[in-house]
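Me: I would like to learn how to read a few features of a protein model. Please take them one at a time.

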Amino acid sequence: MRLLVIEDDRDLNRQIVTALEGAGYAVDRAFDGEEGWFLGDTEPYDAIVLDIGLPKRDGVAVLEAWRKAGRDTPVLILTARDRWSDKVQGFDAGADDYVAKPFHMEEVLARLRALLRRAAGHASSELVAGPVRLDARAGRVTVNGAPVKLTSHEYRLLSYLMHHAGRIVSRGEIVEHLYDQDFDRDSNTIEVFVGRLRKKLGVDVIQTARGLGYIVEPDAETTVGNGGGGAKRRSAH
Ligand code: CA
């Protein structure tokens with residue numbers, strides 16, 4: 001999962017990015033509304049953390065511009081405490097959720113997990129594919145109940161495939177969603193990662209769709225909504 005953090009307070013930006021990277025996400029950052037709007041408009045993020053009070057272009061205007069252009073990336077806005085009008089304007093502009101400053105980082109993480117889950121059509125924070133269970137809250141993977149130790153890259157890869165279970169995910173898409181923009185992107189490395197991941201899991205849950213990409217078959221009872229994971233949706237607020 002690849003996220004974008006737009007926050008002009010450099011300390012806060014760094015704290016959020018560090019927390020998100022620690023939770024296993026690839027993260028890009030921006031420090032003003034112009035740069036943030038551009039990245040959100042051109043890069044395929046899985047979710048965006050957007051401060052409302054930004055230099056150059058405020059957060060509400062940035063969000064409105066994305067939504068007007070049809071970008072439906074889940075957006076979590078950061079609002080100043082006591083500024084209820086920020087929240088109203090933010091939701092009107094198409095925000096999916098908000099956190100008021102000052103906040104506990106755990107709350108940001110929890111709300112992002114929920115947004116990512118809902119965007120992929122999952123009701124539970126635990127994703128299941130056959131004997132493989134991925135607990136997004138704890139960042140833990142088990143196979144037949146036994147914990148499996150994965151590197152952060154392997155975890156990201158498995159998490160992305162399981163969030164989008166039932167849909168073929170191309171190598172190019174994996175590269176775009178697993179790495180931040182500073183990463184040297186070579187889609188050939190994906191094959192290596194998939195190979196290692198399969199070996200560590202020891203079970204056959206990641207199928208190769210020859211010439212197209214990879215697919216994890218979903219467990220029927222763990223997906224909800226639009227007939228399988230992966231279908232993007234706009235939440236109605
Ligand atoms: Ca600010």
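**Reading the model**

Reply: With a relative accessibility of 4%, D51 is buried, because buried means under 20%. Keep in mind that this is a predicted model.

Me: Is G53 buried, exposed or partly exposed?

Reply: G53 has a relative accessible area of 46% and is partly exposed.

Me: Which protein residues are donors of the calcium ion?

Reply: The donors are D8 (OD), D51 (OD) and G53 (O), at 2.2 to 2.4 Å from the calcium ion. Along the sequence, these donor residues follow the spacing D-x42-D-x1-G.

Me: Now a helix. Which residues of helix 2 are buried, and what covers them?

Reply: Helix 2 spans residues 33–42, and its buried residues are G33, G36, L39, G40 and D41. The cover over them includes strand 1 (2–6), strand 2 (26–30), strand 3 (47–51) and helix 3 (59–68).

Me: What caps the N-terminal end of helix 2?

Reply: D32 does, with a side-chain oxygen 2.9 Å from the backbone nitrogen of E34.

Me: How should I read a nonpolar core?

Reply: Nonpolar side chains tend to be buried together in soluble globular proteins. Here the largest nonpolar core has 49 residues, and L20, L158, L201 and I206 have the most contacts inside it. Helix 6 (residues 152–163) gives the most to this core, 6 residues. Domain 1 (2–119) and domain 2 (126–234) both contribute residues, so this core lies between them.

Me: What is L158 in contact with, beyond its neighbours within four places in sequence?

Reply: Those contacts are V132, L134, V141, L150, L197, L201 and I206. A second, separate core has 17 residues, including I48, V62, A93 and A95.

How values were computed
Residues are numbered from 1 along each chain as its sequence is written. This is a predicted model: local features need pLDDT of at least 70, side-chain atom pairs count only at pLDDT 80 or more; totals for chains, interfaces and linings use all residues. Side-chain values use heavy atoms; hydrogens and water are left out. Donors are N, O and S atoms within 2.8 Å of the metal (3.2 Å for Na, K and Ca); water is not among the atoms, so sites may look incomplete. Buried means under 20% relative accessible area, exposed over 50%, partly exposed in between (1.4 Å probe, protein chains only). Helices (H or I, at least four residues) and strands (E, at least two) are DSSP runs, numbered from the N terminus. Contact means heavy atoms within 4.5 Å. A polar contact is a pair of N or O atoms within 3.5 Å; within protein, one must be able to donate a hydrogen and the other to accept it, and residues adjacent in sequence count only if both atoms are side-chain atoms. A nonpolar core is a set of buried Ala, Val, Leu, Ile, Met, Phe, Trp, Tyr and Cys residues joined through side-chain atoms within 4.5 Å. Domain bounds come from an automatic or database domain assignment.
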